[in-house]
Amino acid sequence: MALTVDPNDYKNLIKKNVLFRYMSEEAFFAFLHGSELMEYEDGENIISQGDVSQFLYCLIKGSVAVSAQEKGNDFYIYNLEEGEIFGEAALFLTELRIASVKSSGASLIIRIHRENLIKFIGEYSQAGNRIFILVIYSLLKKLRTSTREITTVKKMYMQVKKMKAQMEKLLQEL
């Protein structure tokens, strides 16, 4: 079961993360005050597909696996590593999560609720702007990965379609 831990015990580790590296001390502690630092064990659920959540997550230590379930089958999507953020859609949408996220080994994660993040941005606009830049970057990186995968699948589909047409032609000639 996930444990809430004292961020002061991990202050130096947290400050190495790009999300916090350039924050003033005041902004840093304000962010920590409005968020939760959670420890997860190997295989522990962080986000469950189908849940509604309004949290943004930042992976401080460890890694997580992202997967989705379709018709009873789990499909691995990708791993996220230290420093990456996830759950970005919850900042903008109140919809069901489309994937599950599980800890791969022990992990340390900061999560902040949408309302607390909005309050933080109102009080610390410079730090808030950096957070939004990182959120946009993270979303674009994931979009690029998805686009590459879709392109690869589309190319394979077209090759199979072409091979099938060639087979049909050969069979007709026999």
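Which residues of helix α3 (residues 25–33) are buried? They are Ala 27, Phe 28, Phe 31 and Leu 32, where buried means under 20% relative accessible area, exposed over 50% and partly exposed in between, with a 1.4 Å probe and protein chains only. Seen down the axis of α3, these buried residues fall within an arc of 135 degrees, so they line one face of the helix; the arc is that of the directions from the helix axis to the C-beta atoms. On the other side of α3, Glu 26 and His 33 are exposed.

This is a predicted model, in which local features need pLDDT of at least 70 and side-chain atom pairs count only at pLDDT 80 or more, while totals for chains, interfaces and linings use all residues. Residues are numbered from 1 along each chain as its sequence is written, and side-chain values use heavy atoms, with hydrogens and water left out.

The cover over the buried residues of α3 includes the helices α1 (11–15), α2 (18–21), α4 (114–123) and α5 (125–173), together with strands β2 and β7. Helices (H or I, at least four residues) and strands (E, at least two) are DSSP runs, numbered from the N terminus.

Strand β7 (residues 100–113) also pairs with β2, and two strands pair if DSSP finds at least two bridges between them. The table lists antiparallel partners of β7.

| Strand | Bridges to β7 | Residues opposite each other |
|---|---|---|
| β3 (residues 45–47) | 2 bridges | Ile 47 and Val 101 |
| β4 (residues 55–70) | 11 bridges | Tyr 57 and Arg 111 |

Notes
Contact = heavy atoms within 4.5 Å.
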